[in-house]
Amino acid sequence: MTPSIDAVDVLVWGGGTGGVAAAIQAARGGVSTLLLTPGSWLGGMVSAAGVCCPDGNELTPWQTGLWGAFLRELERREPEGLDHNWVSCFGYRPTTAEQILQGWVRAEAQLQWWPQCQLLEVEHEGSCITAVRFEQAGEQRRVVCRVVIDGSDRGDLLPLAGAPYRFGWEAQEQWGEPSAPSQQRLASETFFRDHPVQSPTWVVMGQLQGERLGHHFAEECDPALPAPFEQACQSFGLERTITYGRLPGGLVMLNWPLHGNDWHWRLDRAFSADPAAEAELATEMQAHSLHFAKVLQEASGAWLREGHAFPTDAGGPAPCLAAMPYWREGRRMVGCHTVIEQHLLPVGTGASMAALPTNAAGEMQSIAVGNYANDHHYPGQDWPLAPKSCRWGGRWSGTPFCVPYGALVSAEVSNLLAADKAFSTSHMANGATRLQPLILNVGQAAGAAAALAVRSGVQPSEVPVHHVQQALIHDSLAPSAVAPLWDTPWHHPQWWERQEHALHQDGPVLNWGSEEQQRPAPPEAHERLWCGLLRPDGTGGFSLTTAEGENWPVITLEPALNRWLEQLDGPKPAELIGCVNPWGPWLRASRLAG
């Protein structure tokens with residue numbers, strides 16, 4: 001029986017990744033919080049949607065906040081470790097993620113969670129939301145609230161709240177974004193009307209029947225697949241296509257963007273307020289993903305079979321299908337600040353980060369750090385995007401950027417914040433801001449700001465950004481970076497001092513000196529000593545040849561080891577501590593032995 005509540009300090013709508021983070025952080029800030037979700041699972045893309053290979057914020061300087069806490073709890077709970085695929089350095093089972101999030105929610109005395117809710121109405125008084133009406137278990141409820149947070153994947157609350165939002169493409173003429181289409185193209189080409197948002201995916205899970213594809217099938221790198229998947233294996237071959245999203249236990253996340261199970265057709269139905277149309281869309285997406293999984297099963301000689309990853313309590317259509325689709329984009333709130341493509345791109349020749357967001361007084365406005373390289377999903381050819389990647393640690397990594405607090409605050413609804421993909425960005429910028437790690441920390445910032453607003457008796461737009469930054473940096477459970485410090489991993493003993501320095505000086509210090517760089521990374525499960533001859537390849541890559549003749553590409557996520565690798569000018573005997581991922585393939589080293 002759901003307890004009755006008439007009023008609450010903070011109301012969060014939506015079970016998205018950012019919505020859950022916002023609810024947890026608001027409750028940790030000492031204010032009464034109610035989380036309403038449409039489904040029976042929390043977490044959105046990190047669990048219910050099955051996107052269990054997180055992208056972005058993979059380097060240890062960016063593993064902070066609730067994202068870092070979530071990652072380290074996953075490492076503790078997955079006995080096989082997380083490094084099993086080649087799209088990410090992390091992979092986990094959706095049930096593991098959901099257990100973590102539900103445990104965090106239950107641990108907060110100030111937080112109540114009501115699942116399986118349907119939004120009905122948002123009440124206003126002037127520019128302020130006063131109450132939210134919704135239905136749960138056949139009963140209509142009304143809750144008065146002081147601050148409201150949209151934590152849904154598609155910005156579901158925005159139209160009911162009367163909050164201005166953007167939907168679809170913006171012309172290059174609007175903000176001068178280098179990758180945006182011209183106004184003439186938007187007006188004349190049907191592509192932009194047919195595909196107003198990035199294509200979503202209904203993740204389907206497979207189960208591998210053994211470690212490697214049989215020899216006969218492995219030789220056929222590009223098998224003849226039936227329509228509409230004829231080109232799905234063209235770029236990477238059958239085995240690499242299947243193991244792209246390999247998870248612990250041989251589960252496989254099928255979220256394949258290259259002529260795979262992305263869904264491109266009539267997405268307007270998801271935003272039509274017509275339940276029948278949305279149900280029709282869901283059925284089509286599920287059938288498409290199941291078809292893709294069956295085609296791969298047949299092509300692999302049943303090496304890949306149906307995986308059971310979603311229990312009945314997830315509320316999904318089948319054990320192999322995610323409980324909800326993975327929405328990459330939806331409505332985007334018009335905020336006090338809008339993140340556009342230029343805010344993501346590295347500035348100046350050879351620069352390694354985007355310009356810091358500042359106000360008129362030159363004060364940094366950042367509340368979260370992301371680094372994803374930008375990526376858009378549509379049918380046909382890849383959309384050309386301005387580059388924002390660099391070679392680091394033997395691999396390509398996105399260059400960091402900051403999200404300013406004003407992007408979370410509605411420009412017109414005074415007590416509304418956005419905590420998930422609906423925060424204020426352009427369509428082009430959304431390709432880099434939509435990923436799980438950044439959204440966890442954006443949600444954390446929204447929750448911290450909401451709690452500060454309630455405790456101070458002001459609206460979210462009136463909360464000093466400095467107060468939000470201090471709350472994030474000094475959070476006792478999940479301190480979160482607001483400044484991009486390449487050389488300072490989350491475990492560095494001077495992490496807090498350096499974050500403060502970046503706020504009070506003229507931005508972050510990029511190099512704190514060679515002695516500081518040699519602080520070792522903490523140990524992790526499954527690591528071991530690897531000895532051999534380490535070679536740089538002259539293009540930012542490295543490989544280790546062992547005495548047994550094994551040859552492993554070497555990567556690292558640690559600044560100290562990256563600095564050491566960058567100084568190599570030729571082959572050198574080396575002793576590295578790290579973990580091997582044969583599906584990468586790579587040796588992910590964390591430090592030098594001794």
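Strands β20 and β21 run antiparallel and are joined by six bridges, and a hairpin of four residues leads from β20 to β21. Helices (H or I, at least four residues) and strands (E, at least two) are taken here as DSSP runs, numbered from the N terminus, and two strands count as paired if DSSP finds at least two bridges between them. The model is a predicted one, in which local features need pLDDT of at least 70 and side-chain atom pairs count only at pLDDT 80 or more, while totals for chains, interfaces and linings use all residues. Residues are numbered from 1 along each chain as its sequence is written, and side-chain values use heavy atoms, with hydrogens and water left out.

**The barrel and its strand pairs**

- Five strands close into a barrel in the order β17-β18-β19-β21-β20, and their pairing is mixed.
- Neighbouring strands of this sheet are turned by 55 degrees against each other on average, direction ignored; axes are lines fitted to C-alpha atoms, for helices over the stretch in contact, and angles run from 0 to 180 degrees between N-to-C directions.
- Strands of a sheet pair through backbone hydrogen bonds, either parallel or antiparallel.
- L576 has W530 as its bridge partner and also stands opposite L592 in β21, while the antiparallel strands β17 and β20 are joined by seven bridges.
- Strand β18 (residues 542-545) is joined to strand β19 (residues 551-555) by three bridges, the two running antiparallel, and L544 stands opposite W552 in β19.

**The helix across the barrel strands**

- Helix α16 (residues 559-566) lies across β17, β18, β20 and β21, and runs at about 100 degrees to β21; contact here means heavy atoms within 4.5 Å.

**Backbone features in loops**

- The peptide bond from G584 to P585 is cis, with omega near -15 degrees, and P585 is found in the loop between β20 (572-581) and β21 (586-592).
- H526, in the loop between α15 (514-517) and β17 (528-536), has a phi near 75 degrees, a positive value in a residue other than glycine.
- H526 is partly exposed, with a relative accessible area of 45%, where buried means under 20%, exposed over 50% and partly exposed in between (1.4 Å probe, protein chains only).
- A302 likewise has a positive phi, of about 70 degrees, although it is not a glycine, and A302 is found in the loop between α10 (275-299) and β10 (304-306).

**The second largest pocket**

- About 1200 Å³ of space lies in the second largest pocket, a volume being the space filled by probe spheres set on grid points that are joined across faces, edges and corners.
- On a 1 Å grid over the protein atoms alone, a pocket is an open set of points where a 1.4 Å probe fits, with protein on both sides within 12 Å along at least five of seven lines, and lining residues have an atom within 4 Å of a point.
- The lining of this pocket holds 37 residues, of which W13, P38, R154, D156 and E278 lie nearest its centre.
- The elements giving two or more residues to this lining are β4 (117-125), α4 (157-161) and α10, and α10 provides the largest share, six residues.
- The lining divides into 22 nonpolar, nine polar and six charged residues, where Ala, Val, Leu, Ile, Met, Phe, Trp, Tyr, Cys and Pro count as nonpolar, Asp, Glu, Lys and Arg as charged, and the others, Gly among them, as polar.
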